Amino acid sequence: MNPSHSALGAVTINRVADNQWHAVENDLVVGRAHASRRLDGRTFLSIDTWRDDVFDQLAAALSADHTQPLFTIVDEADHDLTASWTRAGFTTWRREWEYAVPTEHTAATAPPGVTITAPDEAPLHELDRAIRNEIGSWQRMPAEVLPWQGGSHPIDPANYTVAINDGRYVGLVRVATRTRRPRIGLVAVLTAERRRGIARALLSHALDELRRAGFEAATAEVDETNTAATALLERLGARRTGSALELVHRPGKA
C-alpha cells in the first residue's frame, strides 16, 4: 500500500501497512505501532519506542485513524508505559490477576452423572453461544487473542474439554498450548449446573492432560471482580504472579 504521512516536527509518522505505523527520524525508525482487532470486535493498540515524544505522536496517529473506544493492555508493574498511555488519554477499564497454575494438584472428580470428555463441534458451538448469552459482560472474561474474522466466531474443538450431563453439554474449559506456557483461557458452566463441582472437575482434567504432556504449570488470567474463579484457581494451588491493566480511550466518557 502507499504509505500515508503525518509530519510532526522532526519525526514523520508513516503508515506502512493496514495496521502498522513507523515513526521515522533522519531515515531511522525510532518507534513502531500496531493495531489489532480481536475476535470480540475491540481494537487493541501497542506502541514500541523509548521516546515519550515519539510515543505521543504514534498514539495520536492511531487514535485519529480508528473508531473509539480503543484499548491496550499493560503490565501493571510497568509504570512508565502506563504513564505514557495515561498521557495519551487512556484510563483503567479493568484489572486481571495473572496466575501460575501447577499441573500437580489434588485431583477433583466429576459429580455423579457428569462426564468430562472431548467435544463434538456442533454441540460445542451451541454451548458456547448459551454461555456467552448468560455471561453478557463477555468483555470482562479472559480474551480470546484471535484476530477479527469478519464477525465469525471459529471454535477449534481441539482446544476444549467439556462436561456432559444426561447427554447435554453443560460446561467447558479452553486451553491454548501454542504458547510458551499453556494458557487456561476459559472455564465456564451453565448457570443451572453451577455449585456442583463441575468447573473444578473440568479444570482438574485439563491440568492432568497438561501434566501427562510434560508441562509443569499453566497460566491463567482472572478479572479481579471474579471472586469465584479466583477461589477455584487458588484451591488448585495457583499462585498469583502479577497483574495487567486493560486501558481504554473513549473521549467524552469517564
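What follows is a quick chat about this model.

Me: What kind of model is this, and how are residues numbered?
Reply: This is a predicted model, where local features need pLDDT of at least 70, side-chain atom pairs count only at pLDDT 80 or more, and totals for chains, interfaces and linings use all residues. Residues are numbered from 1 along each chain as its sequence is written, and side-chain values use heavy atoms, with hydrogens and water left out.

Me: How many helices and strands?
Reply: The protein chain has five helices and 13 strands. These are DSSP runs numbered from the N terminus: H or I with at least four residues for helices, E with at least two for strands.

Me: How much of the chain is buried?
Reply: Of its 254 residues, 43% count as buried. Buried means under 20% relative accessible area, exposed means over 50%, and partly exposed is in between, with a 1.4 Å probe and protein chains only.

Me: And the accessible surface?
Reply: About 13500 Å² for the protein chain, with 48% belonging to carbon and sulfur atoms. The method is Shrake-Rupley with a 1.4 Å probe; for residues, only the protein chains shown count as cover.

Me: What share of contacts joins residues at least 24 apart?
Reply: 67%, among contacts between residues at least 6 apart in sequence. Contact means heavy atoms within 4.5 Å.

Me: Helix 1 next. What span should it have, and what does it have?
Reply: Helix 1 covers residues 52-65, which is 14 residues, and at 1.5 Å a residue it should span 20 Å. Its end C-alpha atoms are 20 Å apart, which agrees. The expected span is 1.5 Å times one less than the number of residues.

Me: Which of its residues are buried?
Reply: Val-54, Phe-55, Gln-57, Leu-58, Ala-59, Ala-61, Leu-62 and Ser-63 are buried in helix 1.

Me: How does helix 1 pack with helix 2?
Reply: Helix 2 is residues 79-87; the two helices pack at about 45 degrees, with axes 10 Å apart. Axes are lines fitted to C-alpha atoms, for helices over the stretch in contact, and angles run from 0 to 180 degrees between N-to-C directions. That makes helix 1 oblique to helix 2. Under 35 degrees is roughly parallel, over 145 roughly antiparallel, 65 to 115 roughly perpendicular, and the rest oblique.

Me: Left-handed or right-handed crossing?
Reply: Helix 1 and helix 2 cross right-handed. Right-handed means the near helix is turned clockwise from the far one by less than a right angle; anticlockwise is left-handed.

Me: Which residues make that contact?
Reply: Asp-52, Phe-55 and Asp-56 come from helix 1, and Leu-81, Ser-84, Trp-85 and Arg-87 from helix 2.

Me: What about helix 4 and helix 5?
Reply: Helix 4 (residues 198-212) and helix 5 (residues 227-235) have axes that come within 11 Å and cross at roughly 50 degrees. They are therefore oblique to each other. This crossing is right-handed. Ala-199, Arg-200 and Leu-203 in helix 4 meet Leu-232, Leu-233 and Arg-235 in helix 5.

Me: Now the backbone. Which peptide bond is cis?
Reply: The bond from Gln-68 to Pro-69 is cis, with omega near 0 degrees. Pro-69 sits in the loop between helix 1 and strand 6 (70-75). Most residues other than glycine have a negative phi, and most peptide bonds are trans.

Me: Where do you find positive phi?
Reply: Asp-166 has phi near 55 degrees, and Arg-195 has phi near 65 degrees. Asp-166 is in the loop between strand 9 (160-165) and strand 10 (168-176). Arg-195 is in the loop between strand 11 (183-189) and helix 4.

Me: Are they buried or exposed?
Reply: Asp-166 counts as exposed at 77% relative accessibility. Arg-195 counts as exposed at 87%.

Me: And Glu-193, buried or exposed?
Reply: Glu-193 counts as buried, at 11% relative accessibility. Glu-193 lies in the loop between strand 11 and helix 4. Leaving aside neighbours within four places in sequence, Glu-193 is in contact with Asn-165, Arg-168, Val-170 and Ile-198.

Me: Last one: where is Thr-43?
Reply: Thr-43 lies in strand 5 (residues 43-48), and is buried at 13% relative accessible area. The C-alpha atoms of Thr-43 and Leu-70 are separated by 5.6 Å, though the two are 27 residues apart along the chain.
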